[in-house]
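Thanks for making the time this morning. I would like to walk through a few local features of one model, and I will start once it is up on the screen.

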Amino acid sequence: MTKDSENSVAEPASQVKVMKGALDVAVIGGGIGGLVSAYWLAKAGARVTVYEASDQLGGLGTFFKYRDISLERFYHCMLPSDRYLLGVLHELGLDDQIYWKETSFGFMRGEQLYGLNTPLELLRFSPLSLIDRIRVGLTGLWGKICSPRGLDDITCVEWLSRISGQRAFEIFWKPMLQAKFGDRYHEVPALWFWTRFNREKGGKRECKGYIHGGYRRIIDTLAESIEALGGTIKLQAPVEKMDLTDDGALSVSAVNDGPKRFDRVVVTAPISFLHKAMANGRLADAAKKVDTKIDMQGVVNAVLMLRRGFTKHYWVATIDEDIPFQGIVESTTLLEKSDTAGVHLFYLMNYVHRTEALFNQSDDEILSAYIDGLKRLFPDFQEADVIDRFVFRAPFVEPLYTTGYQQRKPPSVLLPGKLYLATTAQVYPDVTSWNGTVGLVQKVVDDILQEK
Ligand SMILES: Cc1cc2nc3c(=O)[nH]c(=O)nc-3n(C[C@H](O)[C@H](O)[C@H](O)COP(=O)(O)OP(=O)(O)OC[C@H]3O[C@@H](n4cnc5c(N)ncnc54)[C@H](O)[C@@H]3O)c2cc1C
C-alpha cells in the first residue's frame, strides 16, 4: 500500500467568489453534483436549498448500512488523476482520510483468469494470437499518445478494429464495449474510449484510492458544510414542476412542498426529469435546448459478502456469454478491513437499459443467476461462502453515446442568469465519475457567479 499516490494531483478548489447580494438558489438533486454545487454557492453567499428525491444523499454514490458501517451500493473508488474531486476533498479537509493502493485488472475467458496489467501479461494472453497481442499492446500505446481530435466522429468499433485488427476487436474489445452499452455498443464514439483509457491507465501503474469511512464520509461532510453555511437540505422532496412566475422569478414545486420562488436553479438530476418538470409552462422553450433523444444506460448490481476472496484483482471482466454478469469488482483488494466490516466484498454488475428484462427481474432471480455464474467461474466457490447478499439498481447511469455527442450534449445554461444544468449527460468526453461531475459543476458555478 502506498501512503499517498505518487502521481495524484489536486486541482485547486473552485476560486469561490462572493456574491454581492444574497440570492436564493435551488439545487435539484443531492448526488455529488448537487452537493458540491450547493456547497460552493453557499460559500459564495447564496441561500441554498437542495431538493433530493430519495430518502438519502449521494445519488449513484450512495451507501447502505451493513453491520455497524456504511458500504457503497455501487462500488466506488478514486484515481490519482481525479484532480477536481481531490481538490474538493482538500477543501473539505479530508485529504488525510484518503488511502491509495496498487490495484490490478483481470480478464476471464473460458473460465481462465488472465492478469492484464503488464506487457508480459499481455504477451501471455493466449486467447489472442501473438500478432493480435502485439496489436492490442500497440493500441494501448497509441491511445496514450494520439490526439483525441476527430475521435468523437468515429465509432469505437471503427477505431479499435483499425488499430488492433478485426480478430482482436471481436475477442478483446467488443465484449468489453458490449458489457457497458449492450447492443448499442457499435454507436459509441472512439472519444469515449480514449478518455476512459487515459483515465484508467494514464499513470505509471494502476493505483486506486478510497476514503476511510467510505464515500458516505464525503457526503456527510458536504451536507454538514452546506448546513453550517445556512443552506437547507430537503430529503424525500422530488421536484415535479419548475416554471417562471409573472414577475420572471423561478418557481420550484416538489411533492407536498411548494411552489417556492428562487433567483437561480441548478439542475443535477438525470435529464429525463427536465422535460417532465418543464413541459407546458413558461420554461418549455428552455427545455427544448436538451435533446429528448438522449437516452441513458442503467445498471443492475449485486453485492455479495463472502467469507474469502477469489481473485487478486480489483476488477475482472467476465465476458463469456454464458456468464450472467459482465464483471466482478472485488473491492476488498482496495478497501481496508475497517471499511468492509471484515467480509470480502464482491460486486457483480450488468450495465443494462431500464426497459430490458434483466433490469426488471426480481432480486432472487438475479442473485440465483449470479451465484450460479460464480460457481462456473470458480469451481471451489460454494453457497456457504456467501454471508449476505443485496441487489441495487440504477436506471440512469450514463448516456448511451452516439457519434457527434460532443455537439449534441446539453448546454449548461438553459436560461441565462436563471436556470443551469450540471448533469451526468454533460460530463462527456470526461469519464462519468465523481471527478467528472465536480469538474463540470466547477464550470457551472463559476458561470453563475460571473453572471451576477
Ligand atoms: C455501478 C457504478 C459504479 C461507479 N463507480 C464509480 C467509481 O468507481 N468512481 C467514480 O468516481 N464514479 C463512479 N460511478 C459514477 C458516479 O457514481 C456518478 O458519475 C456520479 O455519482 C454522478 O453524480 P451526479 O450528482 O451527477 O448524479 P446522481 O448521482 O445521479 O445524482 C442525481 C440525484 O438527483 C436525484 N433526483 C432525481 N430526480 C429528482 C427530482 N425530481 N427531484 C429531486 N432530486 C431528484 C436522485 O435521487 C439523485 O440523488 C459509478 C456509477 C455506478 C452506477
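Which residues are buried in H12? Before I answer, please keep in mind that this is a predicted model. The buried ones are Ile 366, Leu 367, Tyr 370, Ile 371, Gly 373, Leu 374 and Leu 377, and because they cover an arc of only 155 degrees around the axis, they sit on the same side of H12. The helix itself runs over residues 363–377, and its 15 residues reach 21 Å from the first C-alpha to the last, close to the 21 Å expected at 1.5 Å a residue.

H14, residues 434–451, can be read in a similar way: its end C-alpha atoms are 26 Å apart, which agrees with the 26 Å that its 18 residues should span at 1.5 Å a residue. Since 14 of those 18 residues are buried, H14 is largely enclosed by the rest of the structure. In the loop between strand S20 (419–421) and H14 we find Pro 429, which is joined to Tyr 428 by a cis peptide bond with omega at about 10 degrees.

Staying with the backbone, two residues other than glycine deserve a look, given that most such residues have a negative phi. Arg 67, in the loop between strand S3 (63–66) and strand S4 (69–72), has a positive phi near 50 degrees, and at 46% relative accessibility this arginine counts as partly exposed. Gln 236, in the loop between strand S9 (232–234) and strand S10 (239–244), also has a positive phi near 50 degrees, and with a relative accessible area of 58% Gln 236 is exposed.

Now to the cysteines, where the disulfide count comes to zero. The sulfur of Cys 156, a residue buried at 0% relative accessibility, is 12 Å from the closest cysteine sulfur, in Cys 146, and that is too far for a bond. For Cys 207, buried with a relative accessible area of 6%, the closest cysteine sulfur is in Cys 77 at 9.8 Å, again too far for a bond.

Finally, let me turn to the second largest pocket, which has a volume of about 510 Å³. Of the 25 residues that line it, Gln 178, Ala 179, Gly 182, Gln 326 and Asn 350 are the closest to its centre. Helix H6 (166–181) and strand S17 (344–352) each supply at least two lining residues, with H6 giving the largest share, six residues. By class, the lining has 11 nonpolar, seven polar and seven charged residues.

Definitions and conventions: Residues are numbered from 1 along each chain as its sequence is written. This is a predicted model: local features need pLDDT of at least 70, side-chain atom pairs count only at pLDDT 80 or more; totals for chains, interfaces and linings use all residues. Side-chain values use heavy atoms; hydrogens and water are left out. Helices (H or I, at least four residues) and strands (E, at least two) are DSSP runs, numbered from the N terminus. The expected span of a helix is 1.5 Å times one less than its number of residues. Buried means under 20% relative accessible area, exposed over 50%, partly exposed in between (1.4 Å probe, protein chains only). The arc is that of the directions from the helix axis to the C-beta atoms. A disulfide is a pair of cysteine sulfur atoms within 2.5 Å. On a 1 Å grid over the protein atoms alone, a cavity is a set of points where a 1.4 Å probe fits but cannot get out, and a pocket is an open set with protein on both sides within 12 Å along at least five of seven lines; lining residues have an atom within 4 Å of a point. Grid points are joined across faces, edges and corners, and a volume is the space filled by probe spheres set on the points. Ala, Val, Leu, Ile, Met, Phe, Trp, Tyr, Cys and Pro count as nonpolar, Asp, Glu, Lys and Arg as charged, and the others, Gly among them, as polar.
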